[in-house]
Amino acid sequence: MSERRTMARRARDELRGEVLDAAECLAVAGERPSMPELARRVGVSRQTLYSEFGDRDGLASALVLRATDRFLDRIEAALDGEPDLYAAWVAAVDAALTEAGENPLIKALLSGDAAVPSAFGTDSGPIIAAAAERSAGYLRRVRPGAREHDVRLAAETAARLTVSHMVLPSGPAARSAEDIATVVVRTLGDAWLRTASPAPRGSRSTSGGTTSAGPAGTVS
């Protein structure tokens with residue numbers, strides 16, 4: 001690719017990012033961003049926006065896709081950043097909840113918040129399905145011998161439980177992350193537990209000293 005084409009592509013990507021940033025600001029404020037308004041804010045012609053996105057529906061799809069990709073990338077990075085399955089899932093759920101807390105658009109899309117204009121969609125199903133699929137891919141990599149049914153069940157259950165916590169928290173986020181991680185581990189039939197980990201359910205004494213409780217009270 002020539003230098004001129006590279007620079008043109010870079011300029012186009014930067015413009016696209018500016019437009020989506022402006023659209024997101026309007027969306028989380030409960031407004032329906034129009035193409036003329038966005039063109040005015042970004043400082044380009046309406047025709048430029050129509051050429052890039054097609055119409056407002058195309059713009060909405062691009063914004064949702066960008067937000068979803070960032071959300072899923074954060075979850076995947078959390079999964080890959082921990083040494084064992086339980087710790088990885090605690091980190092992934094925490095990452096998902098943190099992203100939802102920092103990104104009003106993601107939280108609104110997942111919870112069906114009426115404050116988000118309908119042009120951006122109200123069905124969280126595609127995002128949940130995408131999160132489950134990426135999570136299942138991780139499980140296949142780290143547990144190659146696991147049954148496919150168990151992999152999909154663990155990933156889909158974890159994704160839906162995480163969204164449920166976003167919509168209606170049943171307790172502290174840290175406790176929910178531990179509970180969801182426990183569901184994943186037990187669904188896959190893992191007998192091993194983390195060592196030298198803090199006790200999420202308390203501890204109990206034995207004749208040899210104190211033994212920490214692992215996920216869901218299982219002694220580690």
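So, how much space lies in the largest cavity? About 150 Å³. Before I go on, a word on what you're looking at: this is a predicted model, where local features need pLDDT of at least 70 and side-chain atom pairs count only at pLDDT 80 or more, while totals for chains, interfaces and linings use all residues. Residues are numbered from 1 along each chain as its sequence is written, and side-chain values use heavy atoms, with hydrogens and water left out.

Back to the hole. A cavity here is a set of points, on a 1 Å grid over the protein atoms alone, where a 1.4 Å probe fits but cannot get out, and lining residues have an atom within 4 Å of a point. Volume is the space filled by probe spheres set on those points, which are joined across faces, edges and corners. Counted that way, there are two cavities of 30 Å³ or more.

Who lines the largest cavity? It has 16 lining residues, and Ile 75, Ala 131, Ala 158, Ala 159 and Thr 162 lie nearest its centre. At least two residues each come from α4 (56–80), α5, α7 and α8 (148–167); helices are DSSP runs of H or I, at least four residues, numbered from the N terminus. α8 gives the largest share, six residues. The lining has 14 nonpolar, two polar and no charged residues, with Ala, Val, Leu, Ile, Met, Phe, Trp, Tyr, Cys and Pro as nonpolar, Asp, Glu, Lys and Arg as charged, and the others, Gly among them, as polar.

Now, the helix pairs. α5 and α8 pack at about 40°, axes 10 Å apart, with axes fitted to C-alpha atoms over the stretch in contact and angles running from 0 to 180 degrees between N-to-C directions. So those two are oblique (under 35 degrees is roughly parallel, over 145 roughly antiparallel, 65 to 115 roughly perpendicular, the rest oblique). Contact, meaning heavy atoms within 4.5 Å, involves Trp 89, Val 93, Ala 96, Leu 97 and Ala 100 of α5 with Ala 158, Thr 162, His 165 and Met 166 of α8. That's seven nonpolar, two polar and no charged.

Then there's α5 (residues 85–102) with α7 (residues 125–142): about 165°, axes 12 Å apart, which makes them roughly antiparallel. Here Leu 85, Ala 88 and Trp 89 of α5 meet Ser 135, Tyr 138, Leu 139 and Val 142 of α7. By class, that contact has six nonpolar, one polar and no charged residues.

Note on methods. On a 1 Å grid over the protein atoms alone, a cavity is a set of points where a 1.4 Å probe fits but cannot get out, and a pocket is an open set with protein on both sides within 12 Å along at least five of seven lines; lining residues have an atom within 4 Å of a point.
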